[in-house]
Amino acid sequence: MNNPKESPSLHTPCSDPRSAGTVALRWQGARLELLDQRLLPAQEHWITLETAAGVAQSIHDMVVRGAPAIGISAAYGVALAARKAEGDDWQTEVKMAIRELAASRPTAVNLFWALQRMERVLEGCAALDEARQRLEREAVAIHEEDLAANLAMADHALEAMGLSSGNPSPVSVLTHCNTGALATGGYGTALGVIRRLHEKQLLKQVYADETRPWLQGSRLTAWELVRDGIPVTLNADGAAAAILAAGEVRWIIVGADRITANGDVANKIGTYSLAVLARHHKVGFMVVAPSSTVDMALKSGAEIPIEERDGKEVREIRGIALAPEGVPVFNPVFDVTPANLIDLIVTEKGVVQNPGASGMHGLFG
Ligand code: MRU
C-alpha cells in the first residue's frame, strides 16, 4: 500500500481573501494544525495533529471550539483516519474513528452533521485510496461551504435589520461568547455580521460579554475585534442589563450550537438571560447560524443534550483558586433560548422572523 502523499493541490479556505485573516485551523493535506484557543490571547501556539484521536481530544479539551469549527475539525479528523487506516478492515477503522469523534462533545449538532456527511461518503467508497481522496475532498468542501455561509449570512442579516438600503445610521450591538473566525470556517456567524456592519461603516460599537467561565468573549472575541480594528468594549456578563438599560444597543447578536424544529436555540450559557433582557428593553435579538446547526429531528429545545463540564472551570482560572476547594459547582456550558424570545434566526438559506415551527419548516422542510 503506497504511503498517502500530501495533497498540496487541494485549496483550503485558510488563505482565502474572503476570510478574516485570523483562522482556527489549517489543513496541510496529511495533518491538521489547530490554533490552541486555550492559550489566547497571550500565546498563538499551533498544535499539529495526524490522528482522529488527537482531533477528538482537542475538541473535548476545547483547543478548538465553536459549533462550526468543531464540525470542520471532525471532518478533517475522518480524513486523517482514512490516511492512517490500512488492511482489509480499513472501513471499520474509519468508522471507529467517527464514533470516537462523535463522543468528543454532545451539544453542537454541527459535529454530528459533519460526521454523518463523511460517513455517507465513506460508505460509497470501494477502495482505501478512493476513500482517502474523497474524504479529504469532502472535508475541504465542508470547510469552504462554512466560509461561504458566513458571508451569505452577513448579507442576509443586514437586510433583515433594514440596514442594506437607504442611508441608515450606525448601530451599537452586544454579543456573547465567540462566534468569529476562531469558531467557524474563517469569517464568523454573529461576529461575521458585526464584521460586515463595520465594513459598511454601520457599526458604532460592539459590547462583548466576557462570557464566564471559559472567557470566550474577553480572550477570543475582543482579541479578534482588536486585531481587525473594530470598536469593542469588553464587559462583565453581569453588566449586560445596565448596558441595555442605557438604551444605546439596538441588537443582541449571538450564535447557536443547535436549533430545533420549533425554533428553540441552544447557545453559550448566559444567552437565555440576554434574550429575556432584550425583550424587557425592547432590543432586537438575532441568532446567526449556518443550516448545519439546524436539527429538525428535535421538536423543541427540551430535547437538546446540554453539556456539563468540570466544576474546576468555575472554581479556578489557570490554576488560581477563585472559590473554596471542592465547593459543589453547577456548570452547564449551554442553555436554551425559547423561540418566542428570538426576533430573527439568520441562516445562509434565509431568515426566519419571529421563529416558530411553521417558519422553521418553511425554510428547512
Ligand atoms: O463552548 P464553546 O466555546 O464551543 O461554545 C461556543 C458557542 O456557544 C458559540 O456561540 C456557538 O458554538 C456558535 S460558534 C459560531
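About 50 Å³ of space lies in the second largest cavity of this predicted model, and the largest cavity, at about 180 Å³, is the space that the ligand takes up. Residue numbers start from 1 along each chain as its sequence is written. Since this is a prediction, local features need pLDDT of at least 70 and side-chain atom pairs count only at pLDDT 80 or more, while totals for chains, interfaces and linings use all residues; side-chain values use heavy atoms, with hydrogens and water left out.

**How the spaces are defined**

- Rolling a probe the size of a water molecule over the atoms shows where empty space is left.
- Here that is done on a 1 Å grid over the protein atoms alone: a cavity is a set of points where a 1.4 Å probe fits but cannot get out, a pocket is an open set with protein on both sides within 12 Å along at least five of seven lines, and lining residues have an atom within 4 Å of a point.
- Grid points are joined across faces, edges and corners, and a volume is the space filled by probe spheres set on the points.

**The second largest cavity**

- The structure holds two cavities of 30 Å³ or more.

**The largest cavity and its ligand**

- The largest cavity has a volume of about 180 Å³. Its lining has 23 residues, with Arg65, Gly66, Ala67, Asn178 and Asp257 the closest to the centre.
- The ligand takes up this space; a molecule sits in a cavity or pocket if more than half of its atoms lie within 2 Å of the grid points.
- Helix 2 gives the most to the lining, with three residues, and the lining as a whole has eleven nonpolar, eight polar and four charged residues.
- Around the ligand itself there are 18 residues, of which Arg65, Gln216, Asp257, Asn267 and Lys268 come nearest (near means a heavy atom within 4 Å).
- Helix 2 (67-84) and strand 9 (265-268) each supply at least two residues of this shell; helices (H or I, at least four residues) and strands (E, at least two) are DSSP runs numbered from the N terminus.
- The shell divides into seven nonpolar, seven polar and four charged residues.

**The largest pocket**

- This pocket has a volume of about 460 Å³.
- It is lined by 15 residues, with Trp214, Glu313, Glu316, Ile317 and Arg318 nearest its centre.
- Helix 10 (312-315) and strand 12 (316-317) each supply at least two of the lining residues.
- By class, the lining has five nonpolar, one polar and nine charged residues.

- Most residues other than glycine have a negative phi, and most peptide bonds are trans.
- Leu40 to Pro41 is a cis peptide bond, with omega near 0 degrees; Pro41 sits in the loop between strand 2 (32-35) and strand 3 (46-49).
- Arg212 to Pro213 is cis too, with omega near -5 degrees, and Pro213 is in the loop between strand 5 (203-209) and helix 7 (216-227).
- Leu215, in the loop between strand 5 and helix 7, has a positive phi of about 60 degrees although it is not a glycine.

Methods: Nonpolar A, V, L, I, M, F, W, Y, C, P; charged D, E, K, R; others polar.
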